[in-house]
Amino acid sequence: MSRILKNLTVLLVENNSDSKKIIYDILIDNFEKVITAQNGDEGLKKFYSRVDEIKKVRETRYQKFEKELKEKLMKELSLKDELNKEDLRRILNNLDLKKI
């Protein structure tokens, strides 16, 4: 499976112990971490207890993506001489990728 998935955490909610064990064994081979819950209420509690962590991870990944995108655009456009680097920096700094 994709190495991207290896960096993700999954919340598995299943009330049948046998099914949960089978699914867990499959998921743990493909994801960094698998959190289990016995029912929907427990699953929601576990999810909401981790909201701040989820937001932090999401923001970190977004910042990494944005940095890599800017670097690739700078490299690509600087080779074509269509825009100078300062113009490109100004454009990219004003670009809010979260709205895309």
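Reader: In which element is V13 found?

Author: Helices (H or I, at least four residues) and strands (E, at least two) are DSSP runs, numbered from the N terminus. V13 is found in strand β1. This is a predicted model, in which local features need pLDDT of at least 70, side-chain atom pairs count only at pLDDT 80 or more, and totals for chains, interfaces and linings use all residues. Residues are numbered from 1 along each chain as its sequence is written, and side-chain values use heavy atoms, with hydrogens and water left out.

Reader: Is V13 buried or exposed, or does it fall in between?

Author: Buried means under 20% relative accessible area, exposed over 50%, and partly exposed in between (1.4 Å probe, protein chains only). V13 has a relative accessible area of 38%, so it is partly exposed. Across the protein chain, buried residues make up 18% of the 100 residues.

Reader: Which elements make up the chain, and in what pattern?

Author: The protein chain has four helices and two strands. Along the sequence they follow the pattern β-α-β-α-α-α.

Reader: How far is V13 from D41 and E42 in space?

Author: D41 and V13 are 28 residues apart in sequence, with their C-alpha atoms 9.4 Å apart. For E42 and V13 the separation is 29 residues in sequence and 8.2 Å in space, C-alpha to C-alpha. D41 is found in helix α2, and E42 lies in helix α2. D41 counts as exposed because its relative accessibility is 58%, whereas E42, at 29%, counts as partly exposed.

Reader: Which residues make the nonpolar surface patch?

Author: Patches are made of residues with over 30% relative accessible area and no salt bridge; like charges are joined within 9 Å, and nonpolar side chains (Val, Leu, Ile, Met, Phe, Trp, Tyr) within 5 Å. Accessible areas come from the Shrake-Rupley method with a 1.4 Å probe, and for residues only the protein chains shown count as cover. Here L11, V13, L44, F47, Y48 and I54 make a nonpolar patch of about 540 Å². Strand β1 (9-13) and helix α2 (40-48) each supply at least two of its residues. The element that gives the most is α2, with three residues.

Reader: How is an aromatic pair described?

Author: A pair of aromatic rings is described by the distance of the centres and the angle of the planes. Rings of Phe, Tyr and Trp (its six-membered ring) pair if their centres lie within 6.5 Å; planes under 30 degrees apart count as stacked, over 60 as edge-to-face and the rest as tilted. The structure holds one aromatic pair. It is formed by F47 and Y48, which are edge-to-face, at 5.2 Å centre to centre and with 75 degrees between the planes. F47 counts as partly exposed because its relative accessibility is 38%, while Y48, at 57%, counts as exposed.

Reader: How many salt bridges does the structure hold?

Author: Side chains of opposite charge can pair when their charged atoms come close. A salt bridge is a side-chain nitrogen of Lys or Arg within 4 Å of a carboxyl oxygen of Asp or Glu. The structure holds three salt bridges. One of them joins the side chains of K21 and D25 (2.9 Å, N to O). K21 and D25 both lie in helix α1, four residues apart, about one turn of the helix. D25 is partly exposed, with a relative accessible area of 32%.

Reader: Which salt bridge does E42 form?

Author: E42 forms a salt bridge with K46, and their closest N and O atoms are 3.4 Å apart. Both residues lie in helix α2, and they too are four residues apart, about one turn of the helix. K46 counts as partly exposed, at 28% relative accessibility.

Reader: Where is R50 found, and what does its side chain meet?

Author: R50 is found in the loop between α2 and α3 (51-80). The side chains of R50 and E53 meet in a salt bridge (3.0 Å, N to O). R50 counts as buried because its relative accessibility is 18%, whereas E53 is partly exposed, with a relative accessible area of 40%.
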